[in-house]
Amino acid sequence: MKILGIETSCDETAASVVKDGTELLSNIISSQASIHAEFGGVVPEIAFRKHLENVIPVIDMALKASRLTLGDIDGVAVSSGPGLMGALLVGIQSAKGISLTRGIPLIPVNHIEGHIHAVFLENNLAKKPQFPFIALVVSGGHSHLYLVKGHGMYSCLGQTVDDAAGESFDKVAKMLALEYPGGPVIDRLSKEGDPKSIKFPIAMMKKDNLNFSFSGLKTAVRYHIEADEDLSLESDGNIKHTEKLNNIASSFQYAIVEALVRKTALACKKTGVFDVVITGGVACNSLLRSRMQQEISGDVFYPSPIMCTDNAAMIAACGFYRYELGECAGEELDARPRWPLSEMNTGHSP
Ligand code: KG4
Ligand code: ZN
């Protein structure tokens, strides 16, 4: 079954064709990051307008790259939440139009569930993830721990009580006058810095629950910057003291990664499930990948960087399993800016 996936929930306009939930035929991503960079974060109205401009060309490119036409497509899956309302609507209306005119199923996909399914597109892994596993979904908008028992079977074990992990990377990067998105830049600078040079707080570690909190860490970084004159911005808007800059980046990254890794290890201990999937944009982080491998006794799986950040292949892959569970929508399909994954529990254990 060939599914066309469409993703417009945030600042990537993406379309992809995936066969039977695992075989990637095309993957086109048009990122708006450089446009939003000017504002230091995603501007919803600009995101909506850019999706409107790009969605049809991106779908056409995905079909062309897979050497198919709409007539060859068996279903259209669309990211229908969570995300930005206006942005989501562009993808949904495009998918509805295709479904209606071609007479093919319209499959709504939860964006977070999509992130988890990105790992099933990695066909070069020596081993495939087997259910059950723990999923750590960490992106610009989400920081969640789930127990995944099967396709469509999720229990939320913990989540952030304030900022998302990616949001924290982006906000700290902004404080340091670094470009948006902040995660990749902080990852790069951290390699030149000493992660133990500044003791930033590793949050929620004393608590026995599986929630995260990153706003205290962000405030600690702000106070640290404000207290040091070498870290005030020069006239060109940059921080000149590169050694200090690298040390802050590295110490901040260490604190956030430790919180993510230790809580994931606690989730494994509490559930007795030791295989872990990490996904979402922050799963590109090099320290998170290596620390997770060290701390987790089971297997750790993560998609390639291009599949960790927002893409439509994960939506098409997830759409295949949703279709198999009999979940299609009609013309009434609407965007769901807030849509907890716990409401997706319609699956069954394999
Ligand atoms: O999954 P994604 O593309 O979009 C959302 O669904 O939010 O994630 C984007 C986020 C951004 O906050 C970005 O800074 C972060 O992922 N990110 C990283 C890295 N690459 C991207 N964070 C830490 N280290 C990275 N290497
Ligand atoms: Zn995402």
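In the predicted model described here, an oxygen atom of ligand 1 lies 3.5 Å from an N or O atom in the side chain of Ser-139, a polar contact being a pair of N or O atoms within 3.5 Å. Backbone atoms also take part: a polar backbone atom of Gly-140 is found 2.8 Å from an oxygen atom of ligand 1, and one of Asp-310 is found 3.0 Å from an oxygen atom of the ligand. Of the 550 Å² of accessible area that ligand 1 has on its own, the protein covers 91% (Shrake-Rupley method, 1.4 Å probe).

The shell around ligand 1 comprises 21 residues, the closest being Gly-140, Asp-170, Gly-183, Asp-187 and Asp-310; a residue is counted if one of its heavy atoms lies within 4 Å of the ligand. Two or more residues of this shell are given by each of H4, helix H5 (165-175) and helix H6 (182-190), with helices taken as DSSP runs of H or I of at least four residues and strands as runs of E of at least two, numbered from the N terminus. Helix H6 provides the largest share, 4 residues. By class, the shell holds 6 nonpolar, 12 polar and 3 charged residues, where Ala, Val, Leu, Ile, Met, Phe, Trp, Tyr, Cys and Pro count as nonpolar, Asp, Glu, Lys and Arg as charged, and the others, Gly among them, as polar.

His-111 in helix H4 (residues 111-117) and Asp-310 in the loop between helix H10 (305-308) and helix H11 (313-324) are 199 residues apart, a pair that links distant parts of the chain. Both His-111 and Asp-310 are buried (buried, under 20% relative accessible area; exposed, over 50%; partly exposed, in between; 1.4 Å probe, protein chains only).

Two cis peptide bonds may be described. The bond from Phe-131 to Pro-132 has omega near -5°, and Pro-132 is situated in the loop between H4 and strand S6 (133-138). The bond joining Tyr-180 and Pro-181 has omega of about -5°, with Pro-181 in the loop between H5 and H6.

Positive phi values occur at non-glycine positions. Asp-20, with phi near 50°, is located in the loop between strand S2 (12-19) and strand S3 (23-31) and counts as partly exposed because its relative accessibility is 34%. Arg-67, with phi of about 55°, lies in the loop between H2 and strand S4 (75-81); its relative accessible area is 78%, and Arg-67 is therefore exposed.

Lys-64, in helix H2 (residues 44-65), has a relative accessibility of 69% and so counts as exposed. Lys-64 and Lys-191 are separated by 127 residues in sequence and by 40 Å from C-alpha to C-alpha.

Residues are numbered from 1 along each chain as its sequence is written, and chains are lettered from A and ligands numbered from 1 in the order in which they are written. For this predicted model, local features need pLDDT of at least 70 and side-chain atom pairs count only at pLDDT 80 or more, whereas totals for chains, interfaces and linings use all residues; side-chain values use heavy atoms, with hydrogens and water left out.

Conventions
Polar contact = N/O pair within 3.5 Å; in protein donor to acceptor, adjacent residues only side chain to side chain.
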